[in-house]
Amino acid sequence: MKKLWIAPVLLLAASTLCAAAHAGTFPDHPIRLVVPFSPGGSTDLVGRLVATKVSQILGQPVIVENRAGAGGVIGSDNVVKSPADGYSLLMATTSHTANPSIYKKLPYDTQKDFVPIALIGDMPGLLVANPALPPNNFKEFIQYARTHKLSYGTAGSGTFPHLSMELLKSAAGLDMTHIPYKGAAPALTDLVGGVYDVKMDAYITAANFVKAGKLKLYAVSSLERMPQLPDVPTIAESGYPGFESTYWIGIVAPAGVPADVRKKLEQAFMEAVHDKTVAAKLQESGTRPIGGSAADLTALMDREFKQWPAIIQKAGIAEK
């Protein structure tokens, strides 16, 4: 009888030693952080800022890789098909929780195939327009949009700018044409160039164009005014009480990543966001640094997985 128990005991001891060794050696080569949007957008810029600090904390390069398209689906699919070893991570955003309600069939199960690592922060949207558009403030814009056929651009279907603009359309009773792009940067370039009329963008990417007079800024989508733009009204205070739409950014990994590796990554990203220099730069970019845990990100995503289906169905943006 004693001999029958030798193998299980040895296997348990071996697995314990392997786990301890794994925790001690990770990471021993560069980590890949996939941004599912094009370079130059708000997600990309925040990702690169945080990745630099995480590289210092972990002692290995965290390399940002852009894989844009399909509202984040292409980049997400790339990560979920990578080994679940902690070396392939995804910058998840609002579209991560919205896409299951938008697309008929995704190449992965968002809720089962990914695990949360950390919550980086969030940011409100800036309602910006091409300078050639006649309205000079938000109320004038609403009146003009009700009598003219306008178009709005986004970083792709199901991205924050898309969902936020659909919420505004619903709240104000507007009818505007959606023009999706493969990322925020090319969408913003075409807005400045006059290809379309208006966009919900991020402070980090739109502020300099506003200061240079290349874009008009009508309002922000947070409940309270942004500290960086104290003179710019919120949509909520401009006739739509309670209107709020914010864009969150977090880190997720393929399901199956060892618990010790997930914990090490979680601590590294939280530490990076709470670093005074990083937090200050995030604030300057219009991003509210949160530095939340995996549990914080889980709670946020769970809320959105429940809320998006009804909103998306009402907006009529689900894939036919």
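Predicted model: local features only at pLDDT ≥ 70, side-chain atom pairs only at ≥ 80, totals over all residues.
**Helix α9 and the chain around it**

Residues are numbered from 1 along each chain as its sequence is written, and side-chain values use heavy atoms, with hydrogens and water left out.

Which residues of α9 are buried? In this helix, residues 203-211, they are Y203, T205, A206 and A207, buried meaning under 20% relative accessible area with a 1.4 Å probe, protein chains only. The buried residues of α9 pack against α2 (42-58), β5 (126-129), α8 (184-192), β8 (198-201) and α11 (276-284), contact meaning heavy atoms within 4.5 Å.

Turning to the whole chain, we have 12 helices and 11 strands, and buried residues make up 52% of the 320 residues. Of the contacts with a separation of 6 or more, 78% come from residues 24 or more positions apart. The C-alpha trace spans about 85 × 45 × 30 Å along its principal axes.

Finally, the charges: there are 30 positive and 27 negative side chains, and the centres of the two sets lie 3 Å apart. Here Lys and Arg count as positive and Asp and Glu as negative, leaving out His and the chain ends, and each charge is placed at NZ of Lys, CZ of Arg, CG of Asp or CD of Glu.

Key: Helix = DSSP H or I, 4+ residues; strand = E, 2+ residues; numbered from the N terminus. Buried < 20%, exposed > 50% of the residue type's maximum accessible area, 1.4 Å probe, protein only.
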